[in-house]
Amino acid sequence: MKYIVPVLGAFCFVASIAFAEAPTADQVLAPAKAKAAAEHKAIFLHFGASWCGWCKRLDAFLDRPDIKPVFEKYFIPVKLVVQENAKNKALENPGADALLKELGGPAGLPYSAFLDAKGALIVNSKRNGENIGYPGQPEEIDWFIQMMKKAAPNMSLDDLKTIETALRSFKRP
């Protein structure tokens, strides 16, 4: 009997986590805006989903030890989850779909936008009306570099080159 209470408590805790809703888009963006304002940076907002292989590739790229410190020197990265399948609907950030549309999407995932510290759009990942998604092709990489230059005009040429070189070394499956 003395083991039932702790086991029941643990079960309730796990169940509460399993049924917890993801934070809203506003709850995710608010601290990013504050940090961007305090650090004089732009926000790099990318939208993705658990089923999206290119989204996972973008996440992995942004977490690379050679990319993360360079990228975070100029940008506050933020990810919002959208367009999940029925099984993973709880992963979605409420309000993210509306924000995606407001910023020019949906146009496939991943979709990204650079925002100023107030949340206003600087530039999005649409090039000639089409979303570049993960920048893996030469013209997509060129657009992504232009996006970064527009969002962080003070970005050093060396830092731009670090990101560009890493993107250009990518081999499509």
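Guide: Buried means under 20% relative accessible area, exposed means over 50%, and partly exposed lies in between (1.4 Å probe, protein chains only). The model here is predicted, with local features needing pLDDT of at least 70 and side-chain atom pairs pLDDT 80 or more, while totals for chains, interfaces and linings use all residues. Residues are numbered from 1 along each chain as its sequence is written, and side-chain values use heavy atoms, leaving out hydrogens and water.

Visitor: Is Asn 124 buried or exposed?

Guide: Asn 124 lies in strand β4, residues 121-124 (strands are DSSP E runs of at least two residues, helices H or I runs of at least four, numbered from the N terminus). Its relative accessible area is 13%. Because that is under 20%, Asn 124 counts as buried.

Visitor: Which backbone nitrogen does the side chain of Asn 124 reach?

Guide: One goes from its side chain to the backbone oxygen of Leu 103 at 2.9 Å. Leaving aside residues up to four places away in sequence, Asn 124 also touches several residues (heavy atoms within 4.5 Å), among them Gly 104, Tyr 111 and Trp 143. The nitrogen, reached at 3.0 Å, belongs to Lys 126.

Visitor: How many salt bridges are there?

Guide: A salt bridge needs a side-chain nitrogen of Lys or Arg within 4 Å of a carboxyl oxygen of Asp or Glu. Asp 63 and Lys 68 form one at 3.9 Å, N to O. At 52% relative accessibility Asp 63 counts as exposed, whereas Lys 68, at 34%, is partly exposed. By this rule the count is eight.

Visitor: With which residue does the side chain of Lys 79 meet in a salt bridge?

Guide: Lys 79 is partly exposed, with a relative accessible area of 31%. The N to O distance in its salt bridge is 2.6 Å, and the partner is Asp 59. The pair links distant parts of the chain, 20 residues apart: Lys 79 is in strand β2, and helix α3 holds Asp 59.

Visitor: Which residues join Glu 164 in one network of salt bridges?

Guide: Glu 164 is buried at 18% relative accessible area. Its salt bridge with Arg 168 has the closest N and O atoms 2.9 Å apart, and both residues lie in helix α7 (residues 157-168), four residues apart, about one turn. Arg 168 is partly exposed at 35%. Salt bridges that share partners put Glu 164 into one network with Asp 142 and Arg 168.

Terms used
A polar contact is a pair of N or O atoms within 3.5 Å; within protein, one must be able to donate a hydrogen and the other to accept it, and residues adjacent in sequence count only if both atoms are side-chain atoms.
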